[in-house]
Amino acid sequence: MKIYNLKFTNDAERLCALAAISCHSTVDINELYNKLSSKDISNILRKVILSRHFSVLEHANFTFSITDVSRVLLAQLTRHRIATFSVQSQRYVKLDDTSTFVIPDSIKNNKLLLSKCKSFFKQASLLYDELVKKEIPIEDARYVMPNSLGTRIILTMNARELRHFFSLRCCNKTQYELRNIACKILKIVKQKTPLLFFKAGPNCINVNGKCCEYLSCGMPWKKNT
Ligand SMILES: Cc1cc2nc3c(=O)[nH]c(=O)nc-3n(C[C@H](O)[C@H](O)[C@H](O)COP(=O)(O)OP(=O)(O)OC[C@H]3O[C@@H](n4cnc5c(N)ncnc54)[C@H](O)[C@@H]3O)c2cc1C
C-alpha cells in the first residue's frame with residue numbers, strides 16, 4: 001500500500017478559522033483573513049472542534065493518491081459517501097503482468113497457504129487472459145479475478161469527513177487494510193494541519209465519541225502509525 005498527498009487546500013487552518021469567525025463579525029473578510037494571528041487561529045479552531053461547529057472544516061480539502069490496495073479495501077472505503085473517488089477502470093484498463101494482489105499477513109505468515117494463494121492468483125490471471133484472447137470483453141473477463149486484486153484510487157475528503165472517517169476507521173477492530181489507510185492519512189494530515197485534527201482519531205479517544213465496537217478490543221487506542 002502506498003499513500004501520498006497530491007493536493008491540500010492552501011493555508012487550510014487560516015481558511016477554516018476565517019469561516020468560523022466570519023459568522024460572528026462585520027469586519028471585511030480580507031481584513032479578517034490577514035489579521036488572524038497564529039494564536040487566534042489556534043483558539044478559534046479549538047472552540048470550533050469542542051463546540052462541534054464542524055461545518056466550517058468542510059472548507060479544507062485533502063487529496064491523496066492511494067495505490068496497491070485491494071478491492072476489499074475499495075468496497076469499504078467507498079461506503080464513505082462524502083468523499084470523492086476516482087478508481088482505475090477495469091473496463092478500460094486490461095489486467096496484465098503489472099497487476100498486483102494484496103495478501104494479508106495472516107496468509108503471508110503461512111508458507112503453504114501463501115503458495116496455494118499465489119498459485120490460485122496465477123490460475124485466475126491465466127483464465128482472464130484466455131477469456132480475453134477468446135474475445136470476451138475485459139469488462140466481463142474481470143469477473144474471474146479475486147477481491148485481492150490491487151487497484152489505485154485518488155481520494156478527496158474534506159476535514160470534517162476525514163475526522164468522521166478516522167472516528168470509525170482508526171478503531172483497533174477495523175479490518176487491517178482499511179485501518180492502515182486511515183491511520184496513515186491521520187498521521188499525514190495531523191502533521192500538516194494539526195489544528196484541524198485536534199482530538200481526531202477513533203471514537204474511543206474522541207472527546208464526544210462512543211466506541212462503535214462495544215469496547216470489544218479491550219484496550220485503549222494503540223497508535224501504530
Ligand atoms: C464497526 C462497523 C461495522 C460495519 N458493518 C457493516 C455491515 O455489516 N454492513 C454494511 O453494509 N456496512 C457496514 N459498515 C459500514 C457502515 O454501514 C457505513 O457505510 C460506513 O461506515 C460509512 O459510514 P457513514 O455512513 O457514517 O459515513 P459517510 O457516508 O462518510 O457519511 C458521513 C456522515 O454524513 C451523513 N450522511 C451521509 N449520507 C447521508 C444520508 N443519505 N442521509 C443522512 N445522513 C447522511 C451521516 O451523518 C454520516 O455519518 C460498518 C462500519 C463500521 C464502522
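Trainee: How are H8 and H9 oriented to each other?

Mentor: The model is predicted, with local features requiring pLDDT of at least 70 and side-chain atom pairs pLDDT 80 or more, while totals for chains, interfaces and linings use all residues. Residues are numbered from 1 along each chain as its sequence is written. Helix H8 (residues 159-169) and helix H9 (residues 176-192) pack at about 135 degrees, their axes 9 Å apart (axes are lines fitted to C-alpha atoms, for helices over the stretch in contact; angles run from 0 to 180 degrees between N-to-C directions). Angles under 35 degrees count as roughly parallel, over 145 as roughly antiparallel, 65 to 115 as roughly perpendicular and the rest as oblique, and H8 and H9 are therefore oblique.

Trainee: Which residues of H9 make the contact with H8?

Mentor: Residues are in contact if their C-beta atoms, placed from the backbone, lie within 7 Å. H8 contributes Leu162, Phe165, Phe166 and Arg169. From H9 come Leu178, Arg179, Ala182, Ile185, Leu186 and Val189.

Trainee: How many residues of the contact of H8 with H9 are charged?

Mentor: Asp, Glu, Lys and Arg count as charged, Ala, Val, Leu, Ile, Met, Phe, Trp, Tyr, Cys and Pro as nonpolar, and the others, Gly among them, as polar. The contact of H8 with H9 has eight nonpolar and no polar residues. The number of charged residues in this contact is two.

Trainee: How does H1 lie relative to H3?

Mentor: Helix H1 (residues 12-22) and helix H3 (residues 38-50) have axes 9 Å apart and pack at about 65 degrees. That angle makes the orientation of H1 to H3 roughly perpendicular.

Trainee: Which residues of H3 take part in that contact?

Mentor: On the H1 side, the contact is made by Glu13, Arg14, Cys16, Ala17, Ala20 and Ile21. By class, the contact of H1 with H3 has eight nonpolar, no polar and three charged residues. The H3 side consists of Asp40, Ile41, Ile44, Leu45 and Val48.

Trainee: What distance separates the centres of domain 1 and domain 2?

Mentor: Domain 1 covers 2-84 + 152-205 and domain 2 covers 96-144 (bounds come from an automatic or database domain assignment). Taken over C-alpha atoms, the centres are separated by 36 Å.

How values were computed:
Helices (H or I, at least four residues) and strands (E, at least two) are DSSP runs, numbered from the N terminus. Two residues are in contact if their C-beta atoms, placed from the backbone, lie within 7 Å.
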